[in-house]
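Work through the exercises below with the sequence and the model in view. Each task is followed by its solution.

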Amino acid sequence: MITVVTGGARCGKSDYAEAIYKDTSDVCYIATSIITDDEMKERVRLHRERRNPSWRTYEGYKNIINAVGDEKNYLLDCVTLLISNIMFEICGNTEINDELAKMTEKRAMNELTSLIYAIKKEDKNLVIVTNELGSGIVPENKISRYYRDIAGRVNRKITELADKAVLIVMGCEVVLK
């Protein structure tokens, strides 16, 4: 079973996703964030503290297929951090352009579809957390517009591959698929 959980910032996506496995110890948590400053360090600390301590954690946004092990259940949090990490790795100090955006999207899709297909092949479960970025205003700057567009297309593709899609709005579940 592949489930995609989406919604806006601080709407309860991660809480909802983690609650799916609340009574399960057979879980691998795939954490895609990287600590870049004190604020992100604190966010990561809070996420670690609230997770079930029996869960195995795989930290990284590259080669996430390597997270697949003996566990039956997987939780990836989150797609949009995976995309931004890939984007900044590819772009470095270069201004984003169509070519770099396509490279970013292709690499993100390869990471995610490889994981999804491996999970499906082994008849395991995967919950994927991602942000809904397309419901707001058009971003003012170029990199944000590219990022929003990439995230929208990636979210659409992973949802096509999913069995279930859930939108969290103000902490409430809206089943989309």
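**Exercise 1: the largest core**

Find the members of the largest nonpolar core that touch the most other members.

Step 1. The core has 37 residues, and Ile30, Leu76, Ile83, Leu126, Ile128 and Val154 touch the most other members. A nonpolar core is a set of buried Ala, Val, Leu, Ile, Met, Phe, Trp, Tyr and Cys residues joined through side-chain atoms within 4.5 Å; buried means under 20% relative accessible area, exposed over 50%, partly exposed in between (1.4 Å probe, protein chains only).

Step 2. Elements that each supply at least two residues include strand S2 (27-31), strand S4 (73-77) and helix H4 (98-121). Helices (H or I, at least four residues) and strands (E, at least two) are DSSP runs, numbered from the N terminus. H4 gives the most, with nine residues.

The model is predicted: local features need pLDDT of at least 70, side-chain atom pairs count only at pLDDT 80 or more, and totals for chains, interfaces and linings use all residues. Residues are numbered from 1 along each chain as its sequence is written, and side-chain values use heavy atoms, without hydrogens and water.

**Exercise 2: strand S2**

Decide whether the residues of S2 are buried or exposed, and find the partners of S2.

Step 1. Five of the five residues in S2 are buried. Val27, Tyr29 and Ala31 point one way, Cys28 and Ile30 the other.

Step 2. S2 runs parallel to S4, joined by five bridges, and parallel to strand S3 (residues 56-59), joined by four. Strands pair if DSSP finds at least two bridges between them. Val27 has Asn73 of S4 as bridge partner, and Ala31 has Glu59 of S3.
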